[in-house]
Amino acid sequence: MKTNSDYYAQRNKKNIQTIDRILDEDLPAFCLDYFLAIDSMTSTLTRLNYAHDLKIFFDFMCKKRYGGNKTVKDISLIDLENVTNNDIEYFLVYLSHYEYGGTEHTCNERAKARKLSSVRAMFKYFFNKGQISVDNSAKVATPKLHEKPIIRLDGNEVFNIIDTAESGNGLTPHQRAYHEKNKVRDTAILILFLGTGIRISELVGLNNEDINFKDNSFLVTRKGGSKSILFFDDDVADALKKYLDYKEETELDNSGDGALFLSSQKKRITVRAVENLVQKYAKIVSPLKKISPHKLRSTYGTQLYKATGDIYIVADVLGHKDVNTTRKHYAAISEDTRRAVAGKVKLRRDDE
């Protein structure tokens, strides 16, 4: 039987293979030195994101700076040194609507900021190594990031989405055809999200052996590869037990993979499949909100903060390395707080 670590090892292997392909096909030769240098300091997922961002940047350079007269493999460190801050500012404008690989893409302000960060990190490395004499990327301002509204489910919507997964009410005839087979699994997934606040990657990576019903705990692999033991209540325990019993009764667990949540093909469920099932039920109970697994995580974080008032506990349970990240999302003044303080400021004397 495969272990939880096998899943993450396979995911890392796939990421590394993709990075190597991008380095071979889509990036200048000197980028290899940069990726070797950051290998021990970053996760494979971080490096993969860097690779995707940089291939867009160098594709832009070939198209717009060199007018198609250079390929990516022709670009040298001398060319990198000659990149101006105007070039990079043009790149940010270009990202609003661009074409890559025959497909049109758009970037919002946060996506632009991430790509700029990736470009800056590369320039900074070669500048610090003395391989370029100037780093013009440092002169480019980060795009202004506007605060996004924090979207989450309210109390009734939490109850309703679980009820919908159990009953199938509101599903289309096509969806109902598959519901009976998947409702126990789907309910367990929703309850696990809403009862523990784990990330979608953590949920997909869970194995049967990671669950301990003796003390209602489970082992998750966090971002960066660290492991944590989290705890769940009896509602989560009941949902997980029902799903494990269902897998045993239907012999669904004969795949040998050891994964906790399985697809209909008896394989480990994918991130995309989990995203789709969350959206399917959320559209029924809250059609005006774009609910994703991350929004279910936000729902749990908000409720936990309201219950405890302790931002450090929330940060620890959610696996945030920086408590400021937690504070930003879960300690904002809520509508309930605004309503509670209404009338606290006196405008007249009590005897008037």
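A residue is called buried here under 20% relative accessible area, exposed over 50%, and partly exposed in between, with a 1.4 Å probe and only protein chains counted. The areas themselves come from the Shrake-Rupley method with a 1.4 Å probe, and for residues only the protein chains shown count as cover. Arginine 185 has a relative accessible area of 10%, so arginine 185 is buried.

The model is predicted: local features need pLDDT of at least 70, side-chain atom pairs count only at pLDDT 80 or more, and totals for chains, interfaces and linings use all residues. Residues are numbered from 1 along each chain as its sequence is written, and side-chain values use heavy atoms, with hydrogens and water left out.

The C-alpha atoms of the protein chain fill a box of roughly 75 × 60 × 40 Å, taken along the principal axes. The chain has 352 residues, and 42% of them are buried. Its secondary structure comes to 15 helices and five strands. These are DSSP runs, numbered from the N terminus: helices are H or I with at least four residues, strands are E with at least two.

Turn to the sheet. Strands of a sheet pair through backbone hydrogen bonds, either parallel or antiparallel. Two strands count as paired if DSSP finds at least two bridges between them. Here three strands form an open sheet in the order S3-S4-S5, with antiparallel pairing. Strand S3 (211–212) and strand S5 (227–231) each have a single partner strand, so they stand at the edges and one side of each lacks a neighbour in the sheet.

Follow the strands in turn. S3 is joined to S4 (residues 217–221) by two bridges, and the two run antiparallel. Across this pair, isoleucine 211 faces phenylalanine 218 in S4. The two strands make a hairpin with four residues between them. In that turn, asparagine 216 has a positive phi of about 50°. S4 then pairs with S5 over five bridges, again in the antiparallel sense. Leucine 219 stands opposite isoleucine 229 in S5. This second hairpin has five residues between its strands, and glycine 224 takes a positive phi near 90°. How enclosed is S4 by the rest of the structure? S4 is largely enclosed, because four of its five residues are buried.

Next come the salt bridges. A salt bridge is a side-chain nitrogen of Lys or Arg within 4 Å of a carboxyl oxygen of Asp or Glu. The structure holds 17 of them.

One sits in helix H1 (residues 4–25), where glutamate 25 and arginine 21 lie four residues apart, about one turn of the helix. Their side chains meet at 3.7 Å, N to O. Arginine 21 is partly exposed, at 36% relative accessibility. Asp26 joins Arg21 and Glu25 in a network of salt bridges.

Another bridge spans more of the sequence. The side chains of arginine 114 and aspartate 53 meet at 2.8 Å, N to O. This pair links distant parts of the chain, with arginine 114 in helix H6 (residues 109–128) and aspartate 53 in helix H3, 61 residues apart. Aspartate 53 is buried, at 1%.

Return to arginine 185. Its salt-bridge partner is aspartate 186, with the closest N and O atoms 2.9 Å apart. Aspartate 186 is buried as well, with a relative accessible area of 1%.

Helix H3 (residues 44–65) also contains threonine 46. Threonine 46 has 29% relative accessibility, so it counts as partly exposed. Aspartate 79 is 33 residues from threonine 46 in sequence, and their C-alpha atoms are 25 Å apart in space.

Finish at the surface. Asp233, Asp234, Asp235 and Asp238 gather there in a patch of negative charge. Patches are made of residues with over 30% relative accessible area and no salt bridge, and like charges are joined within 9 Å. Asp and Glu count as negative, Lys and Arg as positive; His and the chain ends are not counted. The place of a charge is taken as CG for Asp. Aspartate 235 lies in helix H10 (residues 234–249). At 53% relative accessibility, aspartate 235 is exposed.

Methods. Patches are made of residues with over 30% relative accessible area and no salt bridge: like charges are joined within 9 Å, nonpolar side chains (Val, Leu, Ile, Met, Phe, Trp, Tyr) within 5 Å.
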